[in-house]
Amino acid sequence: MDTLETAAGALSPCGKKRPLSLKARAVQYLARREYSRAELRSKLRRYLLPQDDPGELERVLDELQEKNLLSETRYAESRVRTRSGRFGNARLEYELRQLGVPAEAIAEALEPFKENEAERALALWRRRFSSPADTPKERAKQIRYLLARGFSFDTVQEVLRLAEELP
């Protein structure tokens, strides 16, 4: 059978488009970037037809996980790696929980970033502020900025202390 693949679907020998299967769509999504199981389920749910078996989507996701094409741990590590320069561990953990990533995968992904949270916060502080706070109002603004990005209060205090020692 001589078929051509297109982004929208496969062309049959008579030239008509056939819709992609759930598995084919999932593989296309996963070829672009990592997804959590819940995120991929949400994306694929819109392609379920009324006559489709409701369990088909879960079977496709299970198969993708068995073949290691879909990995919660890989997704969490990727997300943490790309966002760790702008956010603290608490914010990263919150986002991952909201995206349906299991707690074990979150803990594993955040482990390498626990040691350098203060360094990341200081780098972020340097990009945003040019000098230590002169007034209590400015200090509060800097504290709110770092706290809103998910850094712990202890880390924020350490960053502000280090900032005052900078030349």
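Which residue forms a salt bridge with E39? The close-up views below begin with that pair and then move on through this predicted model.

**View 1. E39 and its partner R33.** E39 forms a salt bridge with R33, and their closest N and O atoms lie 3.1 Å apart. E39 counts as buried because its relative accessibility is 18%, and the cut-off for buried is under 20%. R33, with a relative accessible area of 37%, is partly exposed.

**View 2. The buried side of helix 2.** Helix 2 runs over residues 37–45, and R37, E39, L40 and L44 are its buried residues. They lie on the same side of helix 2, because they cover an arc of only 160° around the axis.

View 3. R37 counts as buried at 11% relative accessibility, whereas E58 is partly exposed at 28%. The side chains of D62 and R37 also meet in a salt bridge, at 2.7 Å from N to O. That pair, too, links distant parts of the chain: D62 sits in helix 3, 25 residues from R37 in helix 2. D62 is partly exposed, at 35% relative accessibility. Salt bridges that share partners join R37, R41, E58 and D62 into one network.

**View 4. Helix 7 and its neighbours.** Helix 7 has 12 residues (117–128), which should span 16 Å at 1.5 Å a residue; its end C-alpha atoms are 17 Å apart, in agreement with that. The buried residues of helix 7 are E117, A118, R120, A121, L122, L124 and W125. They pack against helix 5 (89–98), helix 8 (136–148) and helix 9 (153–165).

**View 5. The largest nonpolar core.** This core has 13 residues, and those with the most contacts inside it are W125, L146, F151, V156 and V159. Helix 7, helix 8 and helix 9 each supply at least two residues of the core. Leaving aside residues up to four places away in sequence, L146 touches A121, L124, W125, F151, V156 and V159.

Key. Residues numbered from 1 in each chain as written. Predicted model: local features only at pLDDT ≥ 70, side-chain atom pairs only at ≥ 80, totals over all residues. Heavy atoms only, no water. Helix = DSSP H or I, 4+ residues; strand = E, 2+ residues; numbered from the N terminus. Expected span 1.5 Å × (residues − 1). Buried < 20%, exposed > 50% of the residue type's maximum accessible area, 1.4 Å probe, protein only. Contact = heavy atoms within 4.5 Å. Arc of directions from axis to C-beta. Core = buried A, V, L, I, M, F, W, Y, C linked by side-chain atoms within 4.5 Å. Salt bridge = Lys/Arg side-chain N within 4 Å of Asp/Glu carboxyl O.
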